[in-house]
Amino acid sequence: MSLLSRLLGKSTDPRADVRPLWHRVVEIAREKAWYAEYGVADTVAGRFDAVTLVLALVMLRMERDRTLIEPSVHLTELFVDDMDGQLRQSGVGDLVVGKRMGKLMSVLGGRIGALREALPQDDAALAEVLVRNVTLIEDADRLALAAQVRALSRQLDAVSDHDLMNASIAR
């Protein structure tokens with residue numbers, strides 16, 4: 001963004017419109033219930049899994065509407081920027097960040113595909129997908145987690161495009 005644009009308050013960042021949605025995705029992924037009630041491990045890996053799980057559900061919701069394709073790309077860019085920053089803050093060097101980012105994007109894509117296939121099935125099938133894709137504590141209630149993921153997916157389905165883009169996702 002140019003200095004003149006910043007001084008005049010004009011934003012040329014195409015991701016600005018989806019930034020509130022990205023922040024809402026992270027807020028939902030940080031809700032205590034994921035960890036205390038549904039068995040997602042409260043670790044770095046578990047928190048990453050929660051973020052990618054919620055983001056995957058949002059991306060699945062967005063892919064059904066052609067007008068949300070471009071915003072979904074910008075949402076993915078915000079995910080990449082955030083994860084890149086997190087890796088760098090944790091001490092990962094420049095030479096390794098790119099390789100790790102490739103793996104993280106692969107994880108996100110894999111979760112989107114797995115959820116796309118599992119959501120139309122019953123909770124037992126969804127629970128099996130979640131066990132393979134989310135870091136859980138040993139005694140996690142997998143069916144309760146599956147029910148919660150399905151409930152969030154349905155909630156996202158019920159939100160209008162306008163409300164989704166405004167991050168108006170009540171919980």
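**Note on salt bridges and helix packing**

1. Asp13 is partly exposed, with 23% relative accessible area (buried means under 20%, exposed over 50%, partly exposed in between; 1.4 Å probe, protein chains only). Asp13 forms a salt bridge with Arg15, their closest N and O atoms lying 3.3 Å apart (a side-chain nitrogen of Lys or Arg within 4 Å of a carboxyl oxygen of Asp or Glu). A network of salt bridges links Asp13, Arg15 and Arg19.

2. The model is predicted: local features need pLDDT of at least 70 and side-chain atom pairs pLDDT 80 or more, while totals for chains, interfaces and linings use all residues. Residues are numbered from 1 along each chain as its sequence is written, and side-chain values use heavy atoms, without hydrogens and water.

3. The structure holds nine salt bridges. One of them joins Glu27 and Arg24, at 3.1 Å between the closest N and O atoms. Both residues lie in helix H2 (residues 19–29), three residues apart (helices are DSSP runs of H or I, at least four residues, numbered from the N terminus). Arg24 is buried at 15% relative accessible area, whereas Glu27 is partly exposed at 44%.

4. Arg47 and Asp42 also meet in a salt bridge, 3.1 Å from N to O. Asp42 is exposed at 55%; Arg47 is partly exposed at 38%.

5. Helices H4 (residues 44–63) and H8 (residues 142–158) have axes that come within 9 Å and cross at roughly 35° (axes are lines fitted to C-alpha atoms over the stretch in contact; angles run from 0 to 180 degrees between N-to-C directions). Residues meeting there, with heavy atoms within 4.5 Å, include Leu53 and Arg61 in H4 and Leu156 and Asp157 in H8.

Technical notes
Helices (H or I, at least four residues) and strands (E, at least two) are DSSP runs, numbered from the N terminus.
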